[in-house]
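I opened the model to look up a few things for my notebook.

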Amino acid sequence: VYSWRDILINKEADPFSIIHLFSFFSWDETHFGKMGSYYINRTFFFDVHPPLGKMLIGLAGYLSGYDGTFPFQKPGDRYEHHNYIGMRGFCAFLGSCLVPFAYLTVLELSKSLSAALLAASILIFDTGCITLSQYILLDPILMFFLMGAVLSMVKYNSYADRPFSAPWWFWLSLTGVNLAGAIGVKFVGLFVVLLVGLNTVYDLWELLGDLSLSLVTLGKHLLARVFCLILLPLALYTAQFAVHFAVLNKSGPGDGFFSSAFQSRLIGNNLHNVSVPEHLAYGSVITMKNLRMAGGYLHSHWHLYPEGVGARQQQVTAYLHKDLNNLWVIKKHDSNTDHLDPSHYVEFVRHGDVIRLEHKETSRNLHSHQHEAPMTRKHFQVTGYGINGTGDANDFWRIEVVGMKAGKRIKVLRSQIRLTHLATGCILGSSGKTLPKWGWEQVEVTCTPYVKETPNALWNVEDHINPKLPNISLDVLKPSFPEILLESHMVMIRGNSGLKPKENEVTSKPWHWPINYQGLRFSGVNETDFRVYLLGNPVVWWLNLVTIGLYLLMATCAIVAMKRGVQLTAELKELSEVLLHSGGKIMLGWLLHYLPFFMMGRVLYFHHYFPAMLFSSMLTGITWDTLLKFCAGCLSCSLGRRVYTYGTLALMLLIVYSFYLFHPLSYGMVGPMASDPNSPMAGLRWLESWEF
């Protein structure tokens, strides 16, 4: 297991370094180590990735004796007495499995021991893979399932001449299991799903052209793939979320990202086991929560908008915390009758009604007009207006429920409400922008004239007080599993799209990655710090980059030669088949795991390239092995054998020597920065953008 083997080597060289390596946490361990703790403590949290990777980290910690009490506050804090070795060891083990997976995949595709050894050597001696694998991160877990899916796909393809045999079913089913694992760790696992999907379509197309197969046999092939590559992964993926929701049953820092109905499931949440009236009625005192991610409650207070910011009327905002100023009384638009008077009958609010919302603490009405909103241009200002509920026609709102017919009652928690301003036609919503200090840094509420069905413009009733109505337990209104599964995915998708670069944050662009333009600090900044720097082995990464161009050239030559009817020897035909068919699959994998990042609007980091790097490393093994065999075939038998052997050996020695030069990046450095001429690493700073 190469990560541990290298650690032992490093221990012999510098015991003090290893103590440092294992005594503090770094970079994204702040997130994923903490999330492992949440699973151990059964505390609900929110993350933009699916749950499998964090669940496995938490399970590894639990089984190895970690109690989930380390705070994971900032990189550089020491673990002290906390038992974190199990979580790091688990990630290191999965990262180590990439080497045999790559070896077996290339061996199956090329039938060449040298190509498989070259691909495996690249991963063994890449400083970037080692660095990612020795910490509590999702990347080694993701790459484990990704490479497992590719290996399984290649293996079941190798049994094409023995369909429906036990090995064929085993590898086909294992492909589906690994696909579920890859998607369950990160959504980028969808790229390997696409790769397997395209491979399956190609397989079925080839089978369709085989006239010796009956339609019944073709149907069996199709159903086998549908079951193992679609239904099985979907079932396993859904089961991951079932376990996730069952384990995380206590209120925690993730509550606010989800709807009120979702929160009512969580022990310790203020909505858990609460009883409220089910249907909204006139005279009810309510709170309204915006459905955008981490949306606040509709809120007002005595403070006015300052001079020059729309009309100088009472502020209306969205507030993230429970507060008496979140309470509103729902009234008829044309009447000021006290509906809580015992002599007055109960009248329910229905879809399509025109209502007025009166702020309970200040007795001002929710109001809008064509003054511009304070932060969002072309949106209208929302204010509190009137005296003791008496205002004007700009206080009237039509209440509507998404997907409901006119006249139907409105439910607490479950109904998604849209408030349309009667006078202007705009829709009440939260922009998500933070107001300046005059607005107490609360969230801006506006009335948007652009009618869009977005969570920003939807609300639900959370608290509901009406002494004239019978209370029911919120357990009755709890969402079903399919509903919380759908909601969790909507929240994750919105969270991913909302990941934008923060001020002074080190990010990178996709074109930086293949050229190894810029690394990433894992820990330490100053000369006195123990520093680990994520950077690929430069020789390995630049060799991979050159190989992509070399592969395209060689593949083009092979295609042209075959198209022109050039007579090739049996050996050259075999090499061309390996290059085009086997190398083509790997090249397609690289393209699918790299090109989509150019279209992503979210913040990107260097480590996002590593799945694509696995494919380029396997392509390097296949391409250079094919090139050396071709060169050897053009020479005499003895000379050709020497060229092939020495060429392969030279590549491996070059990779090993470059690892010897750059291994301190993975195992840690202390002393002057590489920009200092006195630093022992100064001569290895080949690019100015490398900041180790």
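I start with burial: buried means under 20% relative accessible area, exposed over 50%, and partly exposed in between (1.4 Å probe, protein chains only). The model is predicted, so I keep its limits in mind: local features need pLDDT of at least 70, side-chain atom pairs count only at pLDDT 80 or more, and totals for chains, interfaces and linings use all residues. Residues are numbered from 1 along each chain as its sequence is written, and side-chain values use heavy atoms, with hydrogens and water left out.

**Whole chain**

I looked up the overall picture. Of the 692 residues of the chain, 55% count as buried. The C-alpha trace spans about 105 × 75 × 50 Å along its principal axes. I find 19 helices and 16 strands. Helices (H or I, at least four residues) and strands (E, at least two) are DSSP runs, numbered from the N terminus. I take contact to mean heavy atoms within 4.5 Å. Among contacts in the chain with a separation of 6 or more, 74% come from residues 24 or more positions apart.

**Aromatic pairs**

Rings of Phe, Tyr and Trp (its six-membered ring) pair if their centres lie within 6.5 Å; planes under 30 degrees apart count as stacked, over 60 as edge-to-face and the rest as tilted. By this rule I get 39 aromatic pairs. One of them is F44 with F262, a tilted pair at 5.3 Å centre to centre and 50° between the planes. F44 lies in the loop between α3 and α4 and F262 in helix α13 (residues 260-263), so the pair ties together parts 218 residues apart in sequence. Is F44 buried or exposed? F44 is buried, with a relative accessible area of 1%. F262 is buried too, at 0%.

Next I checked F46 and F258, which form an edge-to-face pair: 6.2 Å centre to centre, 75° between the planes. This pair also links distant parts of the chain, with F46 in the loop between α3 and α4 and F258 in the loop between α12 and α13, 212 residues apart. Both F46 and F258 are buried.

I also noted a cluster linked by ring pairs; its members include W513, W541, W590 and F598.

**Helix α4**

Helix α4 covers residues 52-63. Its 12 residues reach 16 Å from first C-alpha to last, close to the expected 16 Å. The expected span is 1.5 Å times one less than the number of residues. Which residues of α4 are buried? They are L52, G53, K54, M55, I57, G58, A60 and G61. Their cover includes α3 (29-41), α5 (85-96), α9 (139-158), α10 (166-185) and α12 (215-247). Just after α4, G65 takes a positive phi of about 95°.

Most residues other than glycine have a negative phi. I looked for exceptions. K111 has a phi near 55°. K111 sits in the loop between α6 (98-110) and α7 (113-124) and is exposed, at 58% relative accessible area. N273 has a positive phi of about 60°. N273 lies in the loop between α13 and β1 (275-277) and counts as exposed at 51%.

**W511**

My last stop was W511, in the loop between α14 (481-497) and β15 (520-523). W511 is partly exposed, with a relative accessible area of 46%.
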